[in-house]
Amino acid sequence: MRSIYDVQQLLKKYGTFIYTGDRTGDLKMMDIEINELYKWQFITADEYTQATLCIRKELSQIGKQRGSDANE
């Protein structure tokens, strides 16, 4: 799993579609869903780790963008 698109495809396999129009909110909801899928043993530990890392990386990039936008 290399991108948020891959995470979305994983969630889609289990009938979860997330789109609210707020990228940060979407990512947080994806994280919650991934945690639930792992908790109920629908996904492997490797899938959980990779998905979580992708989500956190994207959230970090958004945070950096917002930080640099505030400085301009």
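Y14, W40 and F42 make a nonpolar surface patch of about 360 Å². The model is predicted. Helix α1 has a buried side, and the structure holds 2 salt bridges.

**The nonpolar patch**
- W40, one of the patch residues, is found in the loop between α2 (23-39) and α3 (45-71).
- W40 counts as exposed because its relative accessibility is 56%, and the cut-off for exposed is over 50%.

**Helix α1**
- α1 spans residues 4-13, and I4, V7, L10 and L11 are buried in this helix.
- Y5 and K13 are exposed, and they sit on the face of α1 turned away from its buried side.
- G15 follows α1 and has a positive phi, near 80°.

- E58 and R23 meet through their side chains in a salt bridge, at 3.4 Å from N to O.
- This pair links distant parts of the chain: R23 is in helix α2, E58 is in helix α3, and they are 35 residues apart.
- R23 is partly exposed, with a relative accessible area of 36%.

- K39 forms a salt bridge with E36, and their closest N and O atoms are 3.9 Å apart.
- E36 and K39 are 3 residues apart in helix α2, so about one helical turn separates them.
- E36 counts as partly exposed at 34% relative accessibility.
- K39 is exposed, with a relative accessible area of 55%.

Note on methods:
Residues are numbered from 1 along each chain as its sequence is written. This is a predicted model: local features need pLDDT of at least 70, side-chain atom pairs count only at pLDDT 80 or more; totals for chains, interfaces and linings use all residues. Side-chain values use heavy atoms; hydrogens and water are left out. Patches are made of residues with over 30% relative accessible area and no salt bridge: like charges are joined within 9 Å, nonpolar side chains (Val, Leu, Ile, Met, Phe, Trp, Tyr) within 5 Å. Accessible areas come from the Shrake-Rupley method with a 1.4 Å probe; for residues, only the protein chains shown count as cover. A salt bridge is a side-chain nitrogen of Lys or Arg within 4 Å of a carboxyl oxygen of Asp or Glu. Helices (H or I, at least four residues) and strands (E, at least two) are DSSP runs, numbered from the N terminus. Buried means under 20% relative accessible area, exposed over 50%, partly exposed in between (1.4 Å probe, protein chains only).
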